[in-house]
Amino acid sequence: MGRTRRSSLFWLLGVAMVALVVWGASGLIARGRPKVLGFFPDADAIAVPAFAPLRVTFDRQMSPSGTESALLADPPRPGTFEWQGNTLVFTPDSPWPRGETITVTLSTAARTSGGIPLAQPLTWSFRTAPTLLAYLWPADAPADLYALDPNSGETVRFTESENGVLDFSLAPDGLSLLLSLANPDGGADIAALDLLERTVSQVLDCGGGLCRNPVYRPDGSLIAYEEITSQSVYLVGAAGGDPERLGSGRFPVWSSEGLLLYYDPEQQAYTTFNPGTRTTSLYPNEDGEPPAWQPSGGAFMAADILEIGENALTGHLMHYPVFGTEGEDRTVDPNADDISPVYSPDGRLVAFARRYQDAQRWTPGRQLWLMSSDGQEPRQLSDAPLYNHTAFAWSPDGTQIAYLRSNQADLNEPPEIWLLDMVAGSQLRILINGFAPQWLP
């Protein structure tokens with residue numbers, strides 16, 4: 001009987017010791033599991049740029065292949081993975097759907113380099129920004145950068161500058177904007193606005209120089225800009241540094257192939273510059289209006305001055321093939337005075353501003369017109385003779401055109417931003433006293 005009690009006691013003690021060992025081992029295993037220290041975009045974040053990457057930071061080194069395959073997004077997107085220390089970064093090849101909820105899951109297939117998996121999966125969601133129309137406001141005072149959702153009417157303010165934003169352009173990755181910021185010295189500096197963090201950082205201190213129209217090269221490596229006082233075009237690295245003067249010029253713009261185009265007023269010609277080969281080509285032109293690249297990068301369009309009679313001049317839209325010899329006239333009507341061409345995203349159409357030079361059809365303002373890229377089938381889209389229609393901006397899907405409208409009979413009337421719906425054929429004023437409309441895809 002005594003031996004039986006002792007045996008039972010020993011058995012219970014053994015079970016307890018085994019349980020203690022198992023519990024201790026499981027605790028050690030749990031404490032040895034990898035942890036997620038943070039992720040981006042944040043859970044329930046809204047108005048996230050459509051090109052935003054996914055970032056997950058771990059507390060230790062992880063197995064690249066297993067962890068990358070464990071990160072899933074709904075809706076899915078192909079893309080590239082990169083490790084920055086213990087942070088996994090996924091960059092989608094195409095933007096997330098605009099104005100929709102994106103759900104991200106990190107499964108327990110994510111494991112350390114030693115093979116220890118996550119204790120449990122991680123799931124979170126964020127909402128992307130819709131396609132927004134950015135603009136500067138107000139036009140009669142130092143302006144700041146805003147963006148408007150044309151569908152909801154909601155606005156976002158991006159800057160609160162002391163001296164005003166003069167102009168802006170979108171970075172190739174869609175995650176930042178280049179700004180020309182007026183400074184206390186009477187000049188303008190170049191800065192970058194991070195659309196993810198909503199922070200502004202200086203790229204180039206221009207002092208008393210007026211640095212305007214900064215634009216990224218498509219690969220993001222260089223910034224071209226013009227210095228207004230000297231009418232010169234410069235290049236500078238995306239991270240700043242010492243600028244390189246290319247020569248006399250204004251209105252710099254990059255092609256999709258990374259070729260820089262600008263107008264040289266000294267030579268009265270458009271100039272293309274290849275940063276890789278350091279070669280240039282000239283395209284004679286007496287007008288010097290802002291040019292527009294064809295989306296494919298194989299040609300550009302710009303207005304030039306032509307004679308239409310004795311002591312009579314007009315502007316016609318000229319098509320310049322890259323490495324061609326001269327421009328091809330795309331304005332069919334000889335009495336038309338055309339400027340400000342802008343290609344549609346697919347390159348098939350061109351929006352431009354027209355008024356006529358003959359007395360019967362002349363108006364104070366230029367109207368919005370549309371034609372095919374070869375100059376055929378021109379048609380008038382606006383009919384407000386007293387108003388100039390300029391600064392055309394196509395929506396990314398090509399269904400809308402934003403433009404600036406200003407009264408030529410009353411220059412004290414503030415400018416207006418209007419929106420043309422190509423599908424419905426309707427036009428709507430969406431803002432008073434704003435200017436420089438551009439779409440943020």
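Author: What follows goes through salt bridges, cores, spaces and some backbone angles.

Reader: Before that, what kind of model is this, and which residues count for local features?

Author: This is a predicted model, where local features need pLDDT of at least 70 and side-chain atom pairs count only at pLDDT 80 or more, while totals for chains, interfaces and linings use all residues. Residues are numbered from 1 along each chain as its sequence is written, and side-chain values use heavy atoms, with hydrogens and water left out.

Reader: What makes D333 and R361 a salt bridge?

Author: A salt bridge needs a side-chain nitrogen of Lys or Arg within 4 Å of a carboxyl oxygen of Asp or Glu. For D333 and R361 the N to O distance is 3.2 Å, so the pair qualifies. The two sit in distant parts of the chain, 28 residues apart: D333 is in the loop between β26 (328-329) and β27 (336-343), and R361 is in the loop between β28 (349-356) and β29 (367-372). Helices (H or I, at least four residues) and strands (E, at least two) are DSSP runs, numbered from the N terminus.

Reader: Which other residue does R361 meet in a salt bridge?

Author: R361 also meets D358, at 3.1 Å from N to O. Through shared partners, D333, D358 and R361 are joined into one network. In total, the structure holds 14 salt bridges.

Reader: Why is D358 called buried, and what is R361 called?

Author: Buried means under 20% relative accessible area, exposed over 50%, and partly exposed in between (1.4 Å probe, protein chains only). D358 has 16%, so it counts as buried. R361 has 35%, so it is partly exposed.

Reader: How do you know that E416 and R405 form a salt bridge, and are they buried or exposed?

Author: Their closest N and O atoms are 3.4 Å apart, so the pair meets the cut-off. E416 is in strand β33 (residues 416-421) and R405 in strand β32 (residues 400-407), 11 residues apart. E416 has a relative accessible area of 5%, so it is buried. R405 has 13%, so it counts as buried too.

Reader: What makes a group of residues a nonpolar core?

Author: A nonpolar core is a set of buried Ala, Val, Leu, Ile, Met, Phe, Trp, Tyr and Cys residues joined through side-chain atoms within 4.5 Å. The largest one has 23 residues, and A351, F392 and I401 have the most contacts inside it. Its largest share, 6 residues, comes from β28. As background, in soluble globular proteins nonpolar side chains tend to be buried together.

Reader: Which residues is I401 in contact with?

Author: Contact means heavy atoms within 4.5 Å. Leaving aside neighbours within four places in sequence, the partners of I401 include A351, L370, F392, W394 and W418. There is also a second, separate core of 22 residues, which includes F40, V48, A70 and L106.

Reader: How do you tell a cavity from a pocket?

Author: On a 1 Å grid over the protein atoms alone, a cavity is a set of points where a 1.4 Å probe fits but cannot get out, and a pocket is an open set with protein on both sides within 12 Å along at least five of seven lines; lining residues have an atom within 4 Å of a point. The structure holds 1 cavity of 30 Å³ or more. The largest cavity has about 170 Å³ of space, and P49, A129, L132, L195 and L440 lie nearest its centre among 15 lining residues. The largest pocket has a volume of about 2100 Å³. Of its 48 lining residues, S169, V215, V253, V342 and Q438 are the closest to its centre.

Reader: What makes E377 stand out in phi?

Author: E377 has a positive phi of about 55 degrees although it is not a glycine. E377 lies in the loop between β29 and β30, and its relative accessibility is 62%, so it counts as exposed. A391, in strand β31, likewise has a positive phi, near 55 degrees. With a relative accessible area of 33%, A391 is partly exposed.

Methods:
Grid points are joined across faces, edges and corners, and a volume is the space filled by probe spheres set on the points.
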